[in-house]
Amino acid sequence: MAAPVINKPNGAAATQSLTLGKALNLGLRTAMEADPKVIVMGEDVGKLGGVFRITDGLQKDFGEHRVLDTPLSESGIIGTAVGLAVRGFRPVCEIQFDGFIFPGFDQIVSQVAKLHARTLGRVKVPLVIRVPFGGGIGAVEHHSESPESYFAHTAGLKVVACSNAVDAYWMIQQAIQSDDPVLFFEPKRYYHSGFMKAEVDTTATPDPLFASRLVRAGSTATVVAYGPSVKVALDAATAAEEEGRSLEVIDLRSLSPLDLQPVFESVRRTGRLVVVSEAPSEASLTSEIAARVQQECFYSLEAPVLRVTGFDTPYPPAKLEEEFLPDLDRVLDAVDRSLAW
């Protein structure tokens with residue numbers, strides 16, 4: 001799959017040190033400069049710049065006709081965006097918080113996902129739905145969900161999750177250029193974290209959008225993660241190294257379609273797999289990955305595939321969220337159990 005041609009913004013330095021949030025902002029700005037049909041819309045995305053300030057400055061520079069502050073109606077936002085996409089625009093919708101997406105669920109799974117098939121390919125829906133997701137911000141109910149499995153299960157939708165500033169910059173532009181509807185999940189707790197700051201080369205050739213990536217080589221066991229869990233997996237690999245264990249870490253990046261070939265190749269080398277996700281474990285992406293690896297790598301596995309996930313409960317109050325979320329100790333414990341098998 002050839003990488004798309006994406007131009008850097010006029011006058012911008014080729015390499016910039018950016019947080020994940022700033023990288024998304026620059027990626028949106030670059031896409032809007034490159035194509036006047038790109039429209040940003042959502043609750044408070046204009047004058048305020050979004051609750052996380054990801055769209056900060058865009059309305060000032062591109063005008064209210066391209067950066068639209070919408071009513072508080074996710075169903076209305078998505079429905080309007082569908083109409084715009086059908087008429088040739090490339091709308092980018094912001095869902096303010098992950099748990100707010102459910103009022104728009106019917107529009108997404110009944111209309112967005114099915115229009116292309118329903119019209120026998122005559123109608124395209126080039127729509128991006130940005131979703132800040134995951135926990136770790138001490139928020140109240142409906143603000144720390146991980147709803148990605150619902151959409152990965154839905155035929156007709158593409159689902160991706162960035163985990164770092166470099167991917168944030170490139171992947172948002174690639175998603176906007178896609179003629180398919182894309183659910184774009186962003187780890188909100190790392191928007192403005194210095195830990196996730198990176199040098200973003202705006203002249204580089206990006207990886208394909210729907211591809212996973214090996215982010216740390218290893219030989220003892222494979223750890224697969226996506227979104228906010230990638231940092232947990234990398235921290236676990238660093239800690240395990242002090243004990244003489246070498247963990248290979250793969251960032252899925254694309255959740256639908258899943259690019260599992262790098263995972264299969266890794267598991268055939270290491271013989272062990274731990275999958276990490278904040279979402280509950282039952283009927284989840286981690287379930288699918290475990291099943292597919294067992295099917296493809298059965299004779300290479302030295303231990304069962306183990307999963308480190310959120311629990312099968314509603315997301316807890318803020319004071320308990322650290323008990324709910326996968327952390328360094330839980331990942332290392334899973335590695336220990338896999339090696340002891």
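Reply: Contact here means heavy atoms within 4.5 Å. The model under discussion is predicted. By that criterion, and not counting residues up to four places away in sequence, Arg-307 touches Val-275, Ser-281, Ser-284, Thr-286, Ser-287 and Ala-290.

Me: What makes Arg-307 partly exposed?

Reply: Partly exposed is the class between buried, under 20% relative accessible area, and exposed, over 50%. Arg-307 has a relative accessible area of 34%, so it is partly exposed. This residue lies in strand E14, residues 306–310.

Me: Why is Ser-281 called buried, and where does it lie?

Reply: The limit for buried is under 20% relative accessible area. Ser-281 has 16%, and is therefore buried. Its place is the loop between strand E13 (273–280) and helix H10 (285–296). Leaving aside neighbours within four places in sequence, Ser-281 is in contact with Thr-286, Ser-287, Arg-307, Thr-309, Gly-310 and Asp-312.

Me: Which residues of H10 are buried, and what puts them on the same side of the helix?

Reply: The buried residues of H10 are Leu-285, Thr-286, Ile-289, Ala-290 and Val-293. They cover an arc of only 135° around the axis, and therefore sit on the same side of H10. An α-helix has 3.6 residues a turn, so residues three or four places apart point the same way. The cover over the buried residues of H10 includes H6, strand E12 (254–256), helix H9 (261–270), E13 and E14.

Me: What is the length of H3, and why are its buried residues said to line one face?

Reply: Helix H3 (residues 74–86) has 13 residues and reaches 18 Å from its first C-alpha to its last, close to the 18 Å expected at 1.5 Å a residue. Glu-74, Ile-77, Ile-78, Ala-81, Val-82 and Ala-85 are buried in H3. Seen down the axis of H3, these buried residues fall within an arc of 135°, so they line one face of the helix. They pack against strand E2 (38–42), strand E4 (90–94), helix H4 (105–112), helix H5 (115–118) and strand E5 (128–133). After H3 comes Gly-88, with a positive phi near 105°.

Me: Why are H3 and H4 called roughly parallel?

Reply: Angles under 35 degrees count as roughly parallel. H3 and H4 pack at an angle of about 25°, with their axes 8 Å apart. The two helices are therefore roughly parallel to each other. Ser-75, Ile-78, Gly-79 and Val-82 of H3 make the contact with Gln-107, Ile-108 and Val-112 of H4. By class, this contact has four nonpolar, three polar and no charged residues.

Me: Which residues of H4 are buried, and what covers them?

Reply: The buried residues of H4 are Gln-107, Ile-108, Val-109 and Val-112. Their cover includes H3, H5, E5, H6 and strand E7 (182–187).

Me: What makes Val-140 exposed?

Reply: The class of exposed residues begins over 50% relative accessible area. Val-140 has 58%, and is therefore exposed. It lies in the loop between E5 and helix H6 (148–152). Val-140 and Pro-317 are 177 residues apart in sequence and 6.6 Å apart in space, C-alpha to C-alpha.

Me: Which peptide bond is cis, and what is its omega?

Reply: The bond joining Ser-256 and Pro-257 is cis, with omega about 5°. Pro-257 lies in the loop between E12 and H9.

Note on methods. Residues numbered from 1 in each chain as written. Predicted model: local features only at pLDDT ≥ 70, side-chain atom pairs only at ≥ 80, totals over all residues. Heavy atoms only, no water. Helix = DSSP H or I, 4+ residues; strand = E, 2+ residues; numbered from the N terminus. Expected span 1.5 Å × (residues − 1). Buried < 20%, exposed > 50% of the residue type's maximum accessible area, 1.4 Å probe, protein only. Arc of directions from axis to C-beta. Axes fitted to C-alpha atoms, helices over the stretch in contact; angles between N-to-C directions. Parallel < 35°, antiparallel > 145°, perpendicular 65-115°, else oblique. Nonpolar A, V, L, I, M, F, W, Y, C, P; charged D, E, K, R; others polar.
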